[in-house]
Amino acid sequence: MTLTIKNIHKNPAYPKLQECIAGDMFDDLLPKLMLSTDGSIFQKLPAAVVYPRTVDDVLNTVRFAQKHGLAIHSRGAGSGLCGSAIGDGIVLDFSKYMNRLIYLNVDEKLFTCQPGFRLGELEKTLAGHGLFFPPDPSSGEYATFGGMYGTNASGAHSVKYGNVADYIADAQIVFSDGTITTLSHIADTAYDQLSANLKKLFQLYKTDADKIQKAYPPTRFNTAGYNLRKLVCNRKLHLHRLLAGSEGTLGIVTQLTFRLLPKPAYNSLVVAYMDDIVASARAVQDILPSAPSGIEVMDKSLLRLARSQNARLRKAIPANTDNVLLIEFDAFEQSECIELAAAARNLLQIRGYTKNVHTAVADDEKTAFWAVRKAAVPILYKLKGEKKILALIEDAAVPTDRLVEYFEGVYLIMNRHDVEFVTYGHIAKGLLHTRPLLNLKARHDVALLRTIADELYELVHGLNGSVSGEHGDGRLRSPYIKRQYPKIYDLFIQTKALLDPHGTLNPEIITHHDPDQMKKNLRYGPDYISHPLKARLLNWPEGACREIEKCHGCSKCTTVTTATRMCPVYKITRDQAAAPKAKANILRALISGQIHSDALYETAFQQILCQCVNCGSCSLECPSGVNIPKMVLEARSEYAARFGTPLRHRFLTDVEAFARPIHKFSSSLTPIMNLSFTRKITERLTGISAQRNLVAFAPVSLKDSLAATQTEVRTPCRQSGVQTSVCHKTQGKIKILYFAGCYASYIQPAIGRAAIKVLSNMNMAVHVPEQHCCGLPMLSKGMVPQARQKIITNLKKWGVLAEQADYIVVTCSSCGYALMKEWQYLQDSPDIEMIRQKTIHITRLINIYFDRLKLRPGKFLPKLAYHAPCHLRIQPDADCSFTLLARPDGADVQDLKGNCCGMAGSWGMTAQHYHLSKTIGADMISKLNRSPAAVGVTDCPTCRIQMEQFSDKPIKHPIEIIADLFYLS
């Protein structure tokens, strides 16, 4: 059924729910679509979405759900792989508001947080305290503690440090009957004081304690079903481990207290290139007694695919390697780490497992080896074609002494069905992440889901293993719980009935037995059909639909620390609509017909798209490489094509149109434009915030300042035979076409003059032809015809200068982004490809030819604080400016390593976005102001505007620093 945003049926009772909660409630289609998926292969449209602010909000939502017969599905980051954070009831999302660290006691090694607080945030808070939270799932930077407790997460180091359940001290729980209590209160309550249902739970355990103990497989890592073991200790009821891994089916966690451990100060890494997987399995058995903190394996299936897709990995991984073992040790003394690593290395060599083994103790060595592991898996998400690596059977765990049989069995199953796959994971735990490559749009491959899962279950069961090792059950593995625990499954049913008698809490998980569940409610499926957006104003060589469908929902784009840049708006607002994955969800709904194609033109849809500021960070940092900004530009452009462009957008995007005629009068106009009255009028007319510092044009433009050295140049031009243009030209062997951009042309010509001065003195022939705006500002507002015209005009003015040039040099990072990437969105031609290949940021060029520069003797080097612009970070050699600034002897450059500056071109200039822009940039600005540096440095014009407004330090472009530091003969 195709729905539109307006005609979807709404429950008239939902407004009453909003009235009794302080948080947000949505029953509109788009907010529900945004939370209809998680990191799994499934999709379910919820009845409503609630973002609670308080525990009372949770209680009121539970009561509302009970009254109206609705289920509740608790959700954290939505990064789970099994489909346990979605459902057709009310999704209760804790990530937006209930995400605070409440209490940290370093001395007692305890912290208390709300369920939406993220592990990455804790690690940042604990820096310098010598403490850590040991469980470290791969999604840890963005995973929430509520979600981690719900799945009883672990990670690479759990072989030594255990699971989340091992560190829970207390939790506040809301049960489905509307009661609220804590785990510690229950544990402190005598049997005769317990509520009736908890007394029955107590008796359930006492009656079947022996049967319960014997029912679980002899593997240490098992999150399948409910953990009923040790439910009663010293005649007290302990629910700590029962609720860990229960995936929100027994209670809703609203506050958690965890224990911390002292963090070992040292670690070492042994990297072993192995000849066969059997040897690796046996080697693990020999190494485990030395208590490694973790052992990871990358098998030949993963290595083969990774090497085929990435030249760097081909170079890093020897061609004949069957698998790689990464063996890590940690300790409080460095000598112990070194000894443990040496012993492991000797063991591997002496017992004949491998001769190709390396020990890394230094941080840079370890980082280099771990980079291979971290790079390999994300590359697989970027595989072209319809087949994708799927989280289907990636969580089984077996006793480590059965690893050889397990490996052999996995290979046998996959090869029998002729399915390509990858295997990697925590081999020291007996836990492998096996991921088949399947096309879920193909009926045959969908049918294989159950076939492969059934066969793997039989293999794991025969090896006394568990079908769920650390990721939980969800919709993928709940069908196997009854088969995993035939003797106590009825006790699971009773436990669920005692704590959730009406089946309100995540009812389709764990105790819901449907053998075909993993084939239902798929995000894709045999009946899935997609149609491209109507107009398609941009070029999509691989297809717009395929780009939208790349998103696999991992939630990395919701990281809130500086571990990633994406998404600057989400980091501050925690609004799901700002998350790149949310945009992928609604766009996929659009192309697949879940919502009518005209929904694109509705205000609600465009408001979500407007939360993308085209910083480009998500396209760089997304494991699947999803180009969300380009999708948004397409949708925004189609909207503009139908409804036109507001006048204020034209003011904001065409700096050049105003600069050319009025820059000479800037000295006279600036005092007038700075008047409070004028600023308010300007805000009304243009949307530019009255609180923004005036960005004045320079009285003498770059073109004017070069007038004395300009010559008329006649160059061949494909469009008109011969093009006559005015061009500044210097002498040299390397030919440069310098594209200054609007900022260096009209606002800060000193940047352009510095660039020409440096390049000329490096014996380069610098050509500065007639040029116009790169078009990026227009494209960001959906003004495709205007942006395309800028390209055409520039190419016409340049003639064959671009073809003759060795490099097209930019000083503006956004201009570089436009020429290297966005011009291809607008025009597909050999000229555009040539421009892309030749465009280079100026500091990267100088690094290549650095030996042509000479230091000025005795020149004083100021301390510098450098901010990397978002648009430079997504270009080749993204660290080129910092690298260049740090090269001179005596250089003292601090990398601010902050988030986005918050300006995002003209976005942050507007009154509508001024305060949010300031908040986004606050982290970087704070670091700049605290820095001992005398000068702030950045390559981006709008970053510079933000830094100049909120810092008292002078702000320079790197080329201005270089021009001043070096002796230019």
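Two strands pair if DSSP finds at least two bridges between them. Helices (H or I, at least four residues) and strands (E, at least two) are DSSP runs, numbered from the N terminus. The model is predicted, so local features need pLDDT of at least 70 and side-chain atom pairs pLDDT 80 or more, while totals for chains, interfaces and linings use all residues. Residues are numbered from 1 along each chain as its sequence is written, and side-chain values use heavy atoms, without hydrogens and water.

**View 1. Strands β28 and β29 in an open sheet.** Strand β28 (residues 864-867) is joined to β29 by three bridges, and the two run parallel. Tyr-866 has Asp-895 in β29 as its bridge partner. The open sheet has four strands in the order β29-β28-β30-β31, with parallel pairing. Its edge strands, β29 (893-895) and β31 (955-956), each pair on one side only.

**View 2. Helix α43 on the sheet.** Helix α43 packs on the sheet and touches β28, β30 (935-938) and β31; contact means heavy atoms within 4.5 Å. The direction of α43 makes about 120 degrees with that of β30. Axes are lines fitted to C-alpha atoms, for helices over the stretch in contact, and angles run from 0 to 180 degrees between N-to-C directions.

**View 3. Helices α32 and α43.** The axes of α32 (residues 749-761) and α43 (residues 958-965) come within 9 Å and cross at roughly 50 degrees. That makes α32 oblique to α43; angles under 35 degrees count as roughly parallel, over 145 as roughly antiparallel, 65 to 115 as roughly perpendicular and the rest as oblique. In α32, Ala-750, Ile-751, Ala-754, Ala-755 and Val-758 meet Ile-959, Glu-960, Ile-962 and Ala-963 in α43. The residues of this contact divide into eight nonpolar, no polar and one charged. Ala, Val, Leu, Ile, Met, Phe, Trp, Tyr, Cys and Pro count as nonpolar, Asp, Glu, Lys and Arg as charged, and the others, Gly among them, as polar.

**View 4. Strands β23 and β24.** Strand β23 (residues 734-739) runs parallel to β24, and four bridges join them. Ile-736 stands opposite Val-766 in β24.
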